[in-house]
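Please look through the sequence and the model below before reading on. The report that follows takes up individual charged pairs, then the chains and the surface they share.

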Amino acid sequence: MPAPIRLRELIRTIRTARTQAEEREMIQKECAAIRSSFREEDNTYRCRNVAKLLYMHMLGYPAHFGQLECLKLIASQKFTDKRIGYLGAMLLLDERQDVHLLMTNCIKNDLNHSTQYVQGLALCTLGCMGSSEMCRDLAGEVEKLLKTSNSYLRKKAALCAVHVIRKVPELMEMFLPATKNLLSEKNHGVLHTSVVLLTEMCERSPDMLSHFRKLVPQLVRILKNLIMSGYSPEHDVSGISDPFLQVRILRLLRILGRSDDDSSEAMNDILAQVATNTETSKNVGNAILYETVLTIMDIKSESGLRVLAINILGRFLLNNDKNIRYVALTSLLKTVQTDHNAVQRHRSTIVDCLKDLDVSIKRRAMELSFALVNGNNIRGMMKELLYFLDSCDPEFKADCASGVFLAAEKYAPSKRWHIDTIMRVLTTAGSYVRDDSVPNLIQLITNSVEMHAYTVQRLYKALLDDISQQPLVQVSSWCIGEYGDLLVSGQCEEEEPIQDEVLDVLEGLLVSNLSTPVTRGYALTAIMKLSTRFSSVNRIKKVVSIYGSSIDVELQQRAVEYNALFKKYDHMRPALLERMPIMEKTATNGPTEIVQTNGETEPSVLDTKHPPPVTQPANQVRTLKQFWYLHSVLCCCSDPVSPWTFQLQLLSPSSNVVPALNQGTVTQVIRVLNPQKQQLRMRIKLTYTHKGSPVQDLAEVNNFPPQSWQ
Amino acid sequence: MIKAILIFNNHGKPRLSKFYEHYSEDTEQQIIRETFHLVSKRDENVCNFLEGGMLIGGSDNKLIYRHYATLYFVFCVDSSESELGILDLIQVFVETLDKCFENVCELDLIFHVDKVHNILAEMVMGGMVLETNMNEIITQVDAQNKMEKSEAGIAGAPARAVSAVKNMNLPEMPRNINIGDISIKVPNLPSFK
């Protein structure tokens, strides 16, 4: 059999392939050759074959048949074989294959090899993909190597120890004695990896953390030497002495000083020194400053130092380099909760970042802007944020809209401003608004009583312009249904539409292709409600009867029920379609309360509510109104109701007003159809306001005479 | 911790892929494709940080990348690494490759993937930064390469010959041999009687 081709030849051949299919063919041919060569147990060329296999693996072709060969290579005596073998093990094997356990013995022998590079290879492989069983077996060897004087091996052993600790946290104590004089090393590589090891141990165990706190002075001293040492050619990166080590030490100091006053105090000087002396013209300087700022913000530093840190971040925001601005915004976001006032000083710069071209920066700036909004700056900030909403990418619009709603709700200076802001959001980013905001907005509008006319007029105008944005259409049609009388009555400042125009618009919504089924439901209900507010009842009757045969089941059900309302229950129609009361905001359901049912055998609880009071004397009991299950459908709530065993017919009460001081009564007749002869029980809940505060009263009637239900 | 180091070219062909967390082979290829997709869309003058794609851990992990000529160097890291520090690390890596390969270009990476892996193994181990000093890294790599060469035996003879010639210290050969006007005086030989 001819000698297998070299890796270079294979690469060259593959690169001449012009199509994916050609490449696949070549690779398959080569795989077959490699497989037969493996079967022949050829020692001389195994290394070459595995190298080729690894290349094919990188391109994405299956290479699992080479796993055992990697193990054979590792067991070989030659360094070349071992090198490729370990590389193959790292790329092809992981702890999910049982094969990897066979490596344990090889690695153990290699960890005690005479050549440091072989030991290095073994440490590297163990540190990359060692499973917990392997780590348990070999932890002792790693610990031994951690104490050696060879700096090359020592640094690799340190990182390998980190991996062992991650896999088997119980072994952490084993490495404790070896860490004793890790920090007195001169070699920067060993120092660096030792700091990583100490960081890992401190992060995992609070006991270790308190144990290592005593190292803070030593760390401070190392850091000081690095800054003051002047030019040292071997560690210099762009004029700064070993910035990687500086950053690592700063991070460890952060962890050590986090909730400890003494350590924090010991670090204050050095942090101030680093913050003021580091050169910021190159990226390395900024990396160190960034880490310093994070450390200052995290430990219990004094306030002067914190202000210095935030000013550094503010300077970062003005930097030309986008990366610096990005990290500055990220860190400001983390600190805005604790140091709110200091961050406010940089508000204008942050708002400018909203106009940046970079998507990541815009997102960070948006989040930070929302965090900075408060009662004082709400108007200015909202202007900027609405402008941003207009011009930003679609992926931001949903988050921005929700943020605007939340901020407006918390800090709105006036109801009119609030409603204007909501309108603006609905018209610009209407289709991206979240689903739950529609009920929230409706609840908000109902509660701002004096704004009803203004709101409905503006919503109507917006609807005339554009019916494609569903949340806007839903809110508008609901409002038109509720306040349609205000719309046509001349209370608005501008020209008001006539009734037929309004009905045209609503009917247009019903037939338009742009409307979703939910929107159509809203529109139909709105039209129905207008039957008590407008005079063109016949037209409305016609529309409703048409939709009684609609294909959409929801629409059909509504239309049929409304039809019934026109025919059999016409006397109840005014009562049912009255103005909605002020709703309480409930967390789970929508804005309305629904009729509750207590299982199948009891009649419904009659939930009583009253309309929003305009002007009423304080000591008069408010009118009782009843909300039927149907009305909750009108309000688009979706709570399931248990099946009924009764049928109730509520007739209108005898009067709207209960006179005060027991001077009269209000009677309401309820007809009960009780085919299963179940016992009658009634529960009444009275809610009213007395001298401005809400009162609630529950009563139960249990003593219906048996003849009434038997 | 560094989760993965990927190098691919402007068309998405992987030139080096090293994962420090376990993924199946299919997932690894998908991650490479997804990362290429995210990184290639970026403009030239935006920042070098991105949220990670869904496959590699979503918004917990960040992609820090640098674009050199035809290659993208992408490091996927979690929140314990400093972003600016990783940018510097990428710079050190590329400079090391440059020193090892003498004006490195994409072809070097293509034909010497195993060597690039060896250099990377001296810099990053188990997802953590091992050594950042360029000279130190190069010394170690050279020493190991020498060990390999010494074992190569007869098959390595041509390679050894080539490197021997490269390292040979020849004195400067004169380009032109300018023999100016040499007047060769022919001696006056006495007539032979």
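With which residue does A:Asp356 form a salt bridge? The partner is A:Lys322, and the closest N and O atoms are 3.3 Å apart, where a salt bridge is a side-chain nitrogen of Lys or Arg within 4 Å of a carboxyl oxygen of Asp or Glu. This pair links distant parts of the chain, since A:Asp356 is in the loop between helix H19 (347-353) and helix H20 (359-372) of chain A, while A:Lys322 is in helix H17 (residues 322-335), 34 residues apart. A:Asp356 counts as buried because its relative accessibility is 8%, and A:Lys322 is buried with a relative accessible area of 16%; buried means under 20% relative accessible area, exposed over 50%, and partly exposed in between, with a 1.4 Å probe and protein chains only.

This is a predicted model, in which local features need pLDDT of at least 70 and side-chain atom pairs count only at pLDDT 80 or more, whereas totals for chains, interfaces and linings use all residues. Residues are numbered from 1 along each chain as its sequence is written, chains are lettered from A and ligands numbered from 1 in the order in which they are written, and side-chain values use heavy atoms, with hydrogens and water left out.

| Pair | N to O distance |
|---|---|
| A:Asp356 and A:Lys322 | 3.3 Å |
| A:Arg558 and A:Glu554 | 2.8 Å |
| B:Glu131 and A:Lys155 | 2.7 Å |

A:Arg558 and A:Glu554 are separated by about one helical turn because they are four residues apart in helix H30 (residues 553-567) of chain A. A:Arg558 counts as buried at 8% relative accessibility, whereas A:Glu554, at 35%, counts as partly exposed. Elsewhere, A:Arg251, A:Arg254, A:Arg258, A:Glu291 and A:Asp298 are linked in a network of salt bridges.

Chain A contains 32 helices and eight strands, these being DSSP runs numbered from the N terminus (helices H or I, at least four residues; strands E, at least two). Of its 710 residues, 53% are buried. Chain A averages a pLDDT of 80, with 89% of the residues scoring at least 70; pLDDT is the predictor's confidence in each residue, from 0 to 100. Confidence in chain A is lowest in strand S4 (residues 625-626), at a mean of 31, and highest in helix H9 (residues 151-167), at 91. Over residues 587-643 of chain A the pLDDT is below 50, and where pLDDT is low, the predicted coordinates should not be read in detail.

Turning to the interface, 61 residues of chain B are in contact with 67 residues of chain A, contact meaning heavy atoms within 4.5 Å. The two chains bury about 5,600 Å² between them, 56% of it on carbon and sulfur atoms; this buried area is the accessible area (1.4 Å probe) that two parts lose on being put together, summed over both. B:Leu84, B:Phe111 and B:Met125 supply 12% of the area that chain B buries against chain A, more than any other three residues.

Across this interface the rule finds six salt bridges. Among them, the salt bridge of B:Glu131 and A:Lys155 crosses from the loop between S7 and H5 of chain B to helix H9 of chain A, and both B:Glu131 and A:Lys155 are buried.
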